[in-house]
Amino acid sequence: MTHDPRFMACALSLSQRGRGRTAPNPNVGCVIVAANHVVGRGWTQPGGRPHAEAMALAEARGAARGATAYVTLEPCAHVSPRGPACADLLAEAGIARLVVALRDPDPRTDGLGLARLRDAGIEIVTDVGAAEAREAMGGFLTRRRLGRPFVTLKLATSLDGRIARPDGESRWITGPESRAHAHLERARHEAILVGRGTFAADQPRLDVRLAGLEDRAPRRILLTRGEAAPGWERIADPTEIAGLDGVDHLLVEGGAETASSFLRAGLVDRLLLYRAPILIGSGKAALGDIGLGRLADAHGRWRLAESRQLGSDRLEVYRAG
């Protein structure tokens, strides 16, 4: 049992390989361990199938009998036209022990997968790495809990909070390392959104320009009350993100009014703040009115989750709440 956190961390890491490609299914990770050696690895594949457990069992083959399976989410209990229930697959493979991070909130499985495996004589351990799993599968869980995607807002600013010079010049405020990281973030989202002003000024491609990840470009969403653009989807109000089918992770990139509108609506779950060590002065502010009634209301809304150096820039990641 002392190895449980370490192997669950492996499963959580694997789960991130599917992030942004598995909706409406969760991005699950699984490792199968025999005699403290990993004999099978899996993660939810693009489009949601095969599931992580099926992939790991296929790799483990006979070595799965008597082994321990580490899964970031309760194995599904329902049979789908696209594949069998993972709880049944694990039982048939002869798994002796199952370690799970979270129960599945899907009513078709919630508690039923664990019960089925327990009835098959398999030892069950739960809540290992639960907090990390909630972050790793934030898109799926937010969609289940709130009926909308998990929203990340990206801001790239100068030290004095500017996103452009007064004439609109903004390329480039941050350095190449920050821009590469932002492209990696794009690859981890099903969709990316900008406002009409940013679209008109920059004609952004919003693709992924990282070697080996070029095929991970997200769907492009335009926030506008006007006409949609060719190759783009359109919503007129931030609250309409709930209707974006197949989108559990949404990245909001710009501009200032679009960012402010999502903050005013309380729809930002995660904030990516890239800060370059430059001063611009009287340029364009990163945000406009976010609906703050008094200064006291600003405190306690965000907690720092991560901070790192990216070249000469500083990245800070904040979580709502």
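Begin the tour at the largest cavity, which holds about 30 Å³ of space, a volume being the space filled by probe spheres set on grid points that are joined across faces, edges and corners. The model is a predicted one, in which local features need pLDDT of at least 70 and side-chain atom pairs count only at pLDDT 80 or more, while totals for chains, interfaces and linings use all residues. Residues are numbered from 1 along each chain as its sequence is written, and side-chain values use heavy atoms, with hydrogens and water left out.

On a 1 Å grid over the protein atoms alone, a cavity is a set of points where a 1.4 Å probe fits but cannot get out, whereas a pocket is an open set with protein on both sides within 12 Å along at least five of seven lines; lining residues have an atom within 4 Å of a point. Select Thr22, Ala23, Asn25, Pro26, Asn27, Gly139, Phe140, Glu190, Asp248 and His249, and you will have the lining of the largest cavity on screen.

Next, move to the largest pocket, where about 1,100 Å³ of space lies. Its lining is made of 40 residues, and Ser170, Thr198, Asp202, Glu253 and Gly254 are those nearest its centre. Among the elements that give two or more residues to this lining are strand 6 (150-157), helix 7 (176-187) and strand 11 (249-254); helices (H or I, at least four residues) and strands (E, at least two) are DSSP runs, numbered from the N terminus.

Now select helix 4, residues 112-119, and colour Gly113, Leu114 and Leu117, which are its buried residues, where buried means under 20% relative accessible area, exposed over 50%, and partly exposed in between (1.4 Å probe, protein chains only). These residues are on the same side of helix 4 because they cover an arc of only 95 degrees around the axis, the arc being that of the directions from the helix axis to the C-beta atoms. Show helix 3 (86-93), strand 4 (97-102) and strand 5 (123-125) as well, since the buried residues of helix 4 pack against them, with contact meaning heavy atoms within 4.5 Å. Following helix 4 is Gly121, whose phi is positive, near 85 degrees.

Finally, which cysteine sulfur is closest to that of Cys10? It is the sulfur of Cys30, 12 Å away and therefore too far for a bond, as a disulfide is a pair of cysteine sulfur atoms within 2.5 Å. Cys10 is partly exposed, with a relative accessible area of 34%.
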